[in-house]
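Trainee: I am new to this structure, and I would like to learn how to read its features one at a time. Could we go through them together?

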Amino acid sequence: MIDTASKATGEIKLAMPVQYLKGVGPARAGVFAKLGVQTVGDLLEYYPRDWVFAPQPVKIGQLREGETAAIVGLVESTDYQAYRHPAIFEAMVADETGICRIIWFHGGYLRDSLKPGQAVIAWGKVGEYRHKLQLTNPKFSVIEEATSKQAGPVALADYFSGGIYSGSAGLSSGQIKKIIRPVLENIDGLIGEFYDDEFRKKAELISRQDAFRWIHQPADEEKLVKAKRRLKFDELFLMQLGLALRRHRHSQFASAVAMKCSEEIDRRIRRRFPFLLTQDQDGAIAEIAADMQKRVPMNRLLQGDVGSGKTVVALYAALLAVANKTQVAIMAPTEILANQHFISIERYLRNSEVKRVLITGGLTGEKREEILEQIKSGEIDIVVGTVALLEKDIEFKRLGLIVIDEQHKFGVHQRAELRKEGTPHCLVMTATPIPRTLAMTVFGDLDVSIIKNSPPGRGEIVTRWVAPNTRDKAYEFIRERLKARKQAYFVYPRITGVEEEGDIKAATDGWRELSKVFGEFRIELLHGRMSSEKKQQVMAEFRRGKIDALVATVVVEVGVDIPNATIMVIEGADRFGLAQMHQLRGRIGRGESKSFCFLFADRETENEVARSRLEMMERSSDGFEIAEHDLKLRGPGELFSTRQHGLPDLKIADIIDDYDLLVMARRDAFELVSADPMLISPMHKNIRQSLITKFGESLGLADVA
């Protein structure tokens with residue numbers, strides 16, 4: 001809503017549209033909107049992308065060798081000398097006192113941004129070349145506005161020092177800087193403090209007002225460092241407060257069935273498993289059972305590396321819920337994985353009185369109607385399915401537990417939809433190990449159980465990066481394994497080829513080629529576009545050993561458990577992310593035999609990130625180490641969408657680089673919610689208002705007077 005009073009009086013407020021700031025107007029407000037800036041508050045959080053600290057300019061005739069100096073002048077000529085080693089870009093810059101030669105080594109990138117006739121400010125160390133003074137590799141800015149050319153040297157240095165903003169057509173960095181100045185001049189009346197003096201002193205944080213002043217107009221690098229630290233902490237603190245408040249609301253206002261776990265129930269469940277559970281599995285079960293015995297709904301993340309035995313732990317939780325006369329919903333992201341879970345459950349519950357059913361998109365007609373009626377009446381105890389479980393016609397009589405596998409593949413609204421049945425306990429599983437930073441952010445409102453070690457009896461997996469010239473040798477090795485009655489996966493980045501991307505391997509083409517290369521064996525194709533019946537048929541035959549090798553896409557990424565499959569070939573491995581390759585590798589090594597993972601990619605690949613991923617795969621089989629490395633390479637946005645989890649975007653903090661601040665912010669945020677759960681204390685007014693702005697009304701703070 002537009003604050004008309006502010007508009008009329010010229011008073012600046014955070015909620016005021018930027019359109020009403022001096023120098024903006026409707027047209028420029030539209031340009032700001034494309035940058036994500038709609039209000040004055042947004043403008044204050046539109047932080048510079050870089051900062052420079054230019055000295056006061058001097059005349060070219062006053063330059064002295066060895067000094068660091070800045071000059072202002074017109075570019076008279078430019079020349080890119082590609083024949084030199086290294087190549088250089090040269091610009092001759094003149095003022096009324098002389099000409100200065102400026103060179104940049106490897107400066108070809110400047111050909112389109114620095115041209116004759118432009119006015120520039122450049123600063124760096126003054127050197128000498130053939131008895132003439134020059135600047136080598138200096139920093140520079142093009143003076144974009146005509147008014148700047150008439151300004152004196154002091155005004156120019158002030159104009160170009162400090163923040164450099166990401167602009168766009170019609171809105172330069174200099175213009176943004178000019179527009180934000182009056183806002184910064186009124187910052188004390190705009191920005192309220194979050195913390196008392198004692199807390200700020202203890203945490204070594206400058207005031208919030210100074211932080212905004214100095215992030216946009218730092219007098220020096222020391223002030224910039226202090227401003228960044230304060231604003232990063234605030235971002236992380238507000239994020240952690242949101243998570244702490246969610247957890248508090250969940251524990252205070254939701255009520256679940258308290259599940260009794262007696263020694264007899266525990267003994268009956270464990271009899272279903274024909275092996276002793278590992279210490280990690282026992283630890284996870286103890287944590288889950290303790291949660292489920294409370295009336296506060298469990299909200300727990302079970303994470304473990306591929307093949308670590310999470311399914312057994314989840315089944316224990318499911319059987320505990322059934323023993324307490326409630327129903328269980330187990331949801332997987334794909335039909336193949338849902339089917340795999342159901343097969344595992346069937347194996348462990350053979351001759352059991354526990355009634356279970358699999359629901360996928362292929363279940364239709366009278367059979368579906370009959371099963372839905374049995375779920376509604378409470379006859380069926382465990383329901384396994386995909387997103388099909390979210391359909392409105394599926395009703396449970398008494399849903400006590402939800403198990404969600406590979407939960408990051410589901411949006412926050414999909415997960416909430418399953419809770420429409422009330423407030424069941426919720427167990428979330430992932431075979432993608434979660435780096436510690438993501439465990440405190442994306443999954444920060446969940447309690448975490450970790451299964452670190454795999455059950456005994458798993459075979460070693462050897463991973464090799466195969467260059468094109470050694471592919472035939474790898475094929476011969478695979479042929480020998482197939483002759484020994486072992487099975488193989490060949491995984492491709494996509495189903496079919498695309499003309500514009502002819503170098504990307506496709507599963508359909510690979511299947512035709514491999515059917516010729518391994519003509520004496522049965523090779524079958526599996527991908528997501530096949531019908532449910534066909535996919536189930538292929539997997540069933542592969543499981544029974546009727547198929548020697550499966551050519552597939554990433555539909556086999558998670559959950560598929562074939563102990564006899566000991567070969568994994570990842571085609572176009574440089575096209576896959578680390579976590580995904582690790583997941584695919586986890587499809588082998590399920591039995592006692594030694595297994596082999598071959599990464600088919602060009603050894604000469606120029607992509608540094610791709611090369612780093614392949615080297616990590618060869619070096620490590622530790623999913624947690626791989627996840628941390630992947631997070632550094634790709635960033636949290638690609639691994640897990642924060643928006644999907646309802647968290648505000650981070651504009652200045654980085655959960656990897658600012659890990660220490662994140663830990664501190666989490667501790668302080670949870671302590672604050674413990675002391676003042678609804679932030680009703682007058683001293684928390686500013687924090688509370690910022691939380692409502694960032695999270696909306698989802699935290700319930702707006703309901704409290």
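Trainee: What percentage of the 705 residues in the protein chain do buried residues make up?

Mentor: Before the answer, please keep in mind that this is a predicted model. A residue counts as buried when its relative accessible area is under 20%, and by that reading buried residues make up 53% of the 705 residues in the protein chain. The secondary structure of this chain comes to 26 helices and 21 strands, and among the contacts with a separation of 6 or more, 72% are between residues 24 or more positions apart.

Trainee: How do helix 12 and helix 13 run relative to each other, roughly parallel or roughly antiparallel?

Mentor: The crossing angle is the place to begin, since angles under 35 degrees count as roughly parallel and those over 145 as roughly antiparallel. Here the axes of helix 12, residues 279–292, and helix 13, residues 310–323, come within 10 Å and cross at roughly 30 degrees, and the two helices are therefore roughly parallel to each other. Helix 12 passes helix 13 in a right-handed crossing.

Trainee: Which residues of helix 12 and helix 13 meet?

Mentor: From helix 12 come Gln-281, Ala-284, Ile-285, Ile-288, Ala-289 and Met-292, and they meet Val-312, Val-313, Tyr-316, Ala-317, Leu-320 and Ala-321 in helix 13. Sorted by class, this contact of helix 12 with helix 13 has 11 nonpolar residues, 1 polar residue and no charged ones.

Trainee: How many disulfides does a search of the whole structure find?

Mentor: A disulfide would need a pair of cysteine sulfur atoms within 2.5 Å, and the search of the whole structure finds 0 disulfides.

Trainee: Which residues have a positive phi without being glycine?

Mentor: Asn-137 is one of them, with phi near 50 degrees, and it lies in the loop between strand 6 and strand 7, where it counts as partly exposed at 40% relative accessibility. Lys-325 is another, with a positive phi of about 60 degrees; Lys-325 lies in the loop between helix 13 and strand 10 and is exposed, with a relative accessible area of 69%.

Trainee: Where is the cis peptide bond that has an omega of about -5 degrees?

Mentor: That cis peptide bond joins His-85 and Pro-86, and Pro-86 is found in the loop between strand 2, residues 68–81, and strand 3, residues 88–95.

Conventions
Residues are numbered from 1 along each chain as its sequence is written. This is a predicted model: local features need pLDDT of at least 70, side-chain atom pairs count only at pLDDT 80 or more; totals for chains, interfaces and linings use all residues. Side-chain values use heavy atoms; hydrogens and water are left out. Axes are lines fitted to C-alpha atoms, for helices over the stretch in contact, and angles run from 0 to 180 degrees between N-to-C directions. Helices (H or I, at least four residues) and strands (E, at least two) are DSSP runs, numbered from the N terminus. Angles under 35 degrees count as roughly parallel, over 145 as roughly antiparallel, 65 to 115 as roughly perpendicular and the rest as oblique. A crossing is left-handed if the near helix is turned anticlockwise from the far one by less than a right angle, and right-handed if clockwise. Contact means heavy atoms within 4.5 Å. Ala, Val, Leu, Ile, Met, Phe, Trp, Tyr, Cys and Pro count as nonpolar, Asp, Glu, Lys and Arg as charged, and the others, Gly among them, as polar. Buried means under 20% relative accessible area, exposed over 50%, partly exposed in between (1.4 Å probe, protein chains only).
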